[in-house]
Amino acid sequence: MASEEASLRALESLMTEFFHDCTTNERKREIEELLDNFAQQIGAWRLCLYFLSSTRNDYVMMYSLTVFENLINKMWLGVPSQDKMEIRSCLPKLLLAHHKTLPYFIRNKLCKVIVDIGRQDWPMFYHDFFTNILQLIQSPVTTPLGLIMLKTTSEELACPREDLSVARKEELRKLLLDQVQTVLGLLTGILETVWDKHSVTAATPPPSPTSGESGDLLSNLLQSPSSAKLLNQPIPILDAESEYMCSLALECLAHLFSWIPLSASITPSLLTTIFHFARFGCDIRARKMASVNGSSQNCVLGQERGRLGVLAMSCINELMSKNCVPMEFEEYLLRMFQQTFYLLQKITKDNNAHTVKSRLEELDESYVEKFTDFLRLFVSVHLRRIESYSQFPVVEFLTLLFKYTFHQPTHEGYFSCLDIWTLFLDYLTSKIKSRLGDKEAVLNRYEDALVLLLTEVLNRIQFRYNQAQLEELDDETLDDDQTEWQRYLRQSLEVVAKVMELLPTHAFSTLFPVLQDNLEVYLGLQQFIVTSGSGHRLNITAENDCRRLHCSLRDLSSLLQAVGRLAEYFIGDVFAARFSDALTVVERLVKVTLYGSQIKLYNIETAVPSVLKPDLIDVHAQSLAALQAYSHWLAQYCSEAHRQNTQQFVTLVSTTMDAVTPLISTKVQDKLLLSACHLLVSLATTVRPVFLISIPAVQKVFNRITDASAQRLVDKAQVLVCRALSNILLLPWPNLPENEQQWPVRSINHASLVSALSRDYRDLKPNAAAPQRKMPLEDTKVIIHQTLSVLEDIVDSVSGESTKSRQICYQSLQESVQVSLALFPAFIHQSDVTDEMLSFFLTLFRGLRVQMGVPFTEQIIQTFLNMFTREQLAESILHEGSTGCRVVEKFLKILQVVVQEPGQVFKPFLPSIISLCMEQVYPIIAERPSPDVKAELFELLFRTLHHNWRYFFKSTVLASVQRGIAEEQMENEPQFSAIMQAFGQSFLQPDIHLFKQNLFYLETLNTKQKLYHKKIFRTTMLFQFVNVLLQVLVHKSHDLLQEEIGIAIYNMASVDFDGFFAAFLPEFLTSCDGVDANQKNVLGRNFKMDRDLPSFTQNVHRLVNDLRYYRLCNDSLPPGTVKL
């Protein structure tokens, strides 16, 4: 006894020392080792049992429980049965004796340890495990403890973790399902008893359920008056103990609902009771009373009551999230919806004392979140099921959802509600598409609701109606590439666009007048512009006027984005029908952009420059962006106008160019400049009017860009303008025959454009007559960067175009390409320059390899292969960081394009490309943990195999006729084997993305080329791959890919099922360490001979799970144990 006492004191002082601030990490490690060694001793549990009953030190208790946990989960198999019996009887007794005095976290841990024993031994060796829990629940003194045990059991046994065999997992689930009805009955009883006991003290007696009089119905959502009366009862005031018990019971229900199937066990009375508790969340009166009575005790009570509502809603949402609803459960669902909408009505009911918003603000935030989750689940999972019930009034539901949405107290809450509307609009759109005959009837039913929604969402994005809320939104900090304000606007405009798709005329007639109002203000600014000494000034100075102008400009900017978002609903089949609306919009936009450019609002002085100047620039930029959104409409108009040759179209385009040209200048702010450039690119690329090049404004841009003395625009703008000018000359005009395309003139103009753009770059070329002028390296780099970024973009933009366009493009670029190749060796050690050059060559190979011709392409490839020696590759990959790796990756990407080329042209390069990969790049990266270069290398190997299969497998006509007799001839076998071995090695590395990519490549080669069926693969590699993939599953190193790995194993095994079952599986099991012969036999027997995919993969996962389980069991046996 004395020694136990001494051990306890020693442990207490060790624990205190361990958690003391002054203890060093070194000492902590020593203590940790000491405690670990103690826990590993056989019989340590006896001391721990003594510690638990004799100490009040939390750390010691927690440590002792951890020893038990370790014993039960990892060493239980080796514990003598006498000891197990003792532990099974002592721990529950300890729990019963001390559960009221133990700290809650110790009590919960002790419960979990007892449940862990049940998980191993119930029902065979611990037959009263579950009966004990039921008895605890039924005895009033221990009900809370029983509920904690029940919840822990549900968590640990229904979806147990790794360390059980599949058969045991299935057995436990079945055992639990057998108890579900009893458990749900008990939980219903607890909740009903508490409710009834406390309801008696409430003022109104409960109505008799049979009395058919019509109660105070808040709407026709609830069909039966009696249930409405029940829900109208005052909410009882619960004492703290009942409150706690109910919250435990609801937590149990929420967890049970997460895994039990919907069935008759979930009775109507249980559902009604849960709804009673859901009312706690929307009962403001109780909260008010709590705060009026003043004591902090009461305030806490108010919060607890709110928590009961949150827990009840969690239960409801668990049921709601199940998509598979048995027929007999549908009626329950309908009842649930009716009861929840009763609550929704209660929350959104207007009365004098409370606006809806203030009521929502007073509710617990978590409750409002749960309620919103419920509404989302209702719309996304069940609306299609419920809408057909005549007794369910969907339109009234939408009215409530509308009130709920537009009175949300937080932005996040509002976003979540907009998501629900988006789901609803998607549902409507797909319903209409599938039942076009009923389109009018469906739309008529919902028209009013949709118009109301549209109007309100539009009001919400305008400062005119919603200034206080909008000013709270952050427009500075980027999160996921957008600010809070941008996200707010984008989500709102998505809803507007979806309504537009359903009700185009209504949406347009709602939006356009609002836009018009704000445009009047903007266009009226001209009269307030006065000339001052330093330029033009906006003569609006009163603070109130400035504020109003700021709001109006912000709204105009948002409405312009809205109008741009709707552009897609004016094109295609509806072009003619909605032509006049679209024309009105485009004319207004052209007028606004021209106005902004002419009076140079972006350079005007204002009274509040920090606010009004950005506003004016933003409106100007948004008007250009909105006009750009209509470029597809203009393109369609262009082809119509081509038939009628209307002056109206010509005027629209030339006026647009008059608005754009003044903005292409270094004096204009980047935001505005880039909007103008994007619009110019759209005109040149999407609209492509024949007369564009002859417009004086366009000529002006040409002159500015080719003028060597003009100041260069910022990089991004320069690239965009050059792309536009190049496209004007290169892209074929729509609706014109080849002989009217004026290619000769356009070709000459394009050559001079490119010549002007690449003048400085071409001068860099060294030649014998004039050795290279010495220029500082940094200046040279700037010229290379500026020129190549422009040229690369020009090539990229014609890569998908007609042959003629690409021909002209290459003729213009030819000299620059040759200069690039000549410069390449000189810059091989400057990885930033090499990176840009290879980017340029990659784009050339992708877009213009046919135009470059075979000899020159060969010269380029040969130059690269010569330059990228093993030393150079090692230097790039190992010493130059990310830029060096990028260079090698781009080089491999170029080779990917080469090996994909059909025909025989580049086939001679295959041996050197494969040898570069396998003998030079692969050895450098194979052992590096970093993923750099690997993905590109394996993609190159995959493309080499996929597009050059006959390089390895010569398929003859005779062989295919005599399939089965003649095997295909194999060539270049060593290279093929080396590639396959590299793929196999990649599966042993931790990088999950590479693993997924390479598994996909192998599966693709099997689907397209029957890789797994090839003799060389079948006889020498197949089962090696299966072995590696199985080991990966056993080690759980790539768990996210379980499903894909299972399917790949099946596809490989299915090539030779007989071999798999007769030879591979027994061999695999024989080679498994950590399991005995008997266990191996069981594993083999449990792997059924199924040959269909679902059963086979299930068998694979069972094998893997049970193998891990057996290893765990065997590790837990004490040394020297004899296994029979």
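**Briefing: aromatic contacts, pockets and cavities**

The end C-alpha atoms of residues 31-97 lie 31 Å apart, and this span is 82% helix and 0% strand. According to the UniProt record, an unreviewed entry, these residues carry the annotation "domain: Importin N-terminal"; such annotations may be inferred rather than shown by experiment. The model is predicted, with local features requiring pLDDT of at least 70 and side-chain atom pairs pLDDT 80 or more, while totals for chains, interfaces and linings use all residues. Residues are numbered from 1 along each chain as its sequence is written, and side-chain values use heavy atoms, without hydrogens and water. Helices (DSSP H or I, at least four residues) and strands (E, at least two) are numbered from the N terminus.

**Aromatic and charge-ring contacts**

- The whole structure contains 74 aromatic pairs, a pair being two rings of Phe, Tyr or Trp (its six-membered ring) with centres within 6.5 Å.
- Phe864 and Phe891 form an edge-to-face pair, because their ring centres are 6.2 Å apart and their planes stand at 90°; planes over 60 degrees apart count as edge-to-face, under 30 as stacked and the rest as tilted.
- This pair joins distant parts of the chain, 27 residues apart: Phe864 belongs to helix 37 (residues 854-867) and Phe891 to helix 39 (residues 881-900).
- Phe864 and Phe891 are both buried, that is, under 20% relative accessible area with a 1.4 Å probe and protein chains only.
- A cluster connected by ring pairs comprises Phe1023, Tyr1050, Phe1057, Phe1060, Phe1061, Phe1064, Phe1068, Phe1087 and Phe1096.
- Two charged ends sit over rings (NZ of Lys or CZ of Arg within 6 Å of the ring centre and within 35 degrees of the ring normal): Lys28 over Phe18, 5.6 Å from its centre, and Arg554 over Trp485, 4.9 Å from its centre.

**Pockets**

- On a 1 Å grid over the protein atoms alone, a pocket is an open set of points with protein on both sides within 12 Å along at least five of seven lines, and lining residues have an atom within 4 Å of a point.
- The largest pocket has a volume of about 1,200 Å³, where volume is the space filled by probe spheres set on the grid points.
- Its lining comprises 43 residues, with Gln486, Gln561, Asp618, Gln622 and Lys671 nearest the centre.
- Helix 26 (609-629) is among the elements giving two or more residues to this lining, and helix 26 contributes the most, 14 residues.
- The lining of the largest pocket divides into 19 nonpolar, 12 polar and 12 charged residues; Ala, Val, Leu, Ile, Met, Phe, Trp, Tyr, Cys and Pro count as nonpolar, Asp, Glu, Lys and Arg as charged, and the others, Gly among them, as polar.
- The second largest pocket holds about 510 Å³ of space.
- It is lined by 28 residues, of which Leu77, Gln120, Asp121, Phe125 and Tyr1109 are closest to its centre.
- Helix 51 gives the most to the lining of the second largest pocket, five residues, and this lining divides into 15 nonpolar, six polar and seven charged residues.

**Cavities**

- Seven cavities of 30 Å³ or more are found in the whole structure, a cavity being a set of points where a 1.4 Å probe fits but cannot get out.
- The largest cavity contains about 80 Å³ of space, and its lining includes Phe130, Trp259 and Ile260.
- Helix 9 supplies the largest share of the lining of this cavity, five residues.
- The lining of the largest cavity has nine nonpolar, three polar and no charged residues.

Note on methods. Buried < 20%, exposed > 50% of the residue type's maximum accessible area, 1.4 Å probe, protein only.
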